[in-house]
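This report goes through selected strands, a pocket and a few individual residues. The sequence and the model are shown first.

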Amino acid sequence: MKELSKDILLFENEVPNRIINTLNNLRVTKEDIRFELNHHEREFSIFKNWWGKEFEPMIMRYFLQYYVPEENMFLNGDGLKEYVKFKWREIYFYRYTVDSSTNSHKMLHWDFSQFTFVICLTDDYEGGLLSFPRQDEHIRLKKGDLVLFPGGLTHPHYVNPTTGGVRDVLVGQILPQQQDHEIK
């Protein structure tokens, strides 16, 4: 794992080939620029199993170690582990091509999520850098890479135009935790 900035994490070649192949096998059946993974039960189940058993425990160890003082882990470790579990808002495929590279979804934006992840499914594209101008980070993802970052106002981002080939990615948005009270 590389920390590109304090809270943009790049996991190079971290997504196993079996997951990439499962996702790509589904992707080739669709012509849509954007479609949701959760509408495909078999592939969604395979992805969730990998995420929950392999990826999430690794990233949670990092977050807990990085952000939570040791004495808090000692006092309330199980509660904190439950609190920081990811809850998805949506997971969808996105295709970037030369023809789609001027569409409005390439404009600077932020997500309505606590975290966003992007998994790259292809290598055969040119351009298509994922850019975070506020953090001065510009990333060319390779097949099997996963980038994780806060999706809110602090991390506006965009994708530079794809100038050749096809850039297929899986994007997930993770919800903030629900609060146990309201201010009235």
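## Strand β4 and its partners

Glu36 stands opposite Tyr92, a residue of β4. The model is a predicted one. The pairing behind this position is between strand β3 (residues 34-36) and β4, which run antiparallel and are joined by three bridges.

On β11, too, β4 has an antiparallel partner, and nine bridges connect these two strands. Of the 10 residues of β4, eight are buried, so the strand is largely enclosed by the rest of the structure.

## Glu90 in β4

Glu90 belongs to strand β4. Is Glu90 buried or exposed? Its relative accessibility is 18%, and because the cut-off for buried is under 20%, Glu90 counts as buried.

The side chains of Glu90 and Arg89 are joined by a polar contact of 3.4 Å. Apart from neighbours within four places in sequence, Glu90 is in contact with Arg34 and Glu36, and also with Val171, Gly172 and Gln173. In general, side chains in a regular strand alternate between the two faces of the sheet.

## The second largest pocket

The volume of the second largest pocket is about 240 Å³. Its lining is made up of 16 residues, and those closest to the centre are Tyr92, Tyr96, His109, Asp111 and His157.

Which strands each supply at least two residues of the lining? They are β4 (88-97), β5 (115-120) and β11 (162-174). The largest share comes from β11, with four residues. Sorted by class, the lining has nine nonpolar residues, five polar ones and two charged ones.

## The sheet of β8, β7 and β10

An open sheet is formed by three strands in the order β8-β7-β10, with antiparallel pairing. The edges are taken by β8 (137-139) and β10 (158-159); each has a single partner strand, so one side of each is left without a neighbour in the sheet.

Strand β7 (residues 130-132) pairs with β10 over two bridges in the antiparallel sense. At one of the positions in this pairing, Leu130 has Val159 of β10 as its bridge partner.

## Asp136 in the loop between β7 and β8

Asp136 is placed in the loop between β7 and β8. With a relative accessibility of 59%, Asp136 counts as exposed, because the cut-off for exposed is over 50%.

How far apart are Asp136 and Ser5 in sequence and in space? They are separated by 131 residues in sequence, and their C-alpha atoms are 9.1 Å apart.

## Thr22 in helix α1

Thr22 is part of helix α1 (residues 17-27). Thr22 counts as buried, because its relative accessibility is 13%.

The side chain of Thr22 reaches the backbone oxygen of Arg18 at 2.8 Å. When residues up to four places away in sequence are not counted, Thr22 touches Arg42, Glu43 and Ile46.

Note on methods: Residues numbered from 1 in each chain as written. Predicted model: local features only at pLDDT ≥ 70, side-chain atom pairs only at ≥ 80, totals over all residues. Heavy atoms only, no water. 1 Å grid on protein atoms, 1.4 Å probe; cavity = no way out; pocket = protein on both sides within 12 Å on 5 of 7 lines; lining within 4 Å. Points joined across faces, edges and corners; volume = space filled by probe spheres on them. Nonpolar A, V, L, I, M, F, W, Y, C, P; charged D, E, K, R; others polar. Buried < 20%, exposed > 50% of the residue type's maximum accessible area, 1.4 Å probe, protein only. Polar contact = N/O pair within 3.5 Å; in protein donor to acceptor, adjacent residues only side chain to side chain. Contact = heavy atoms within 4.5 Å. Pairing = 2+ DSSP bridges.
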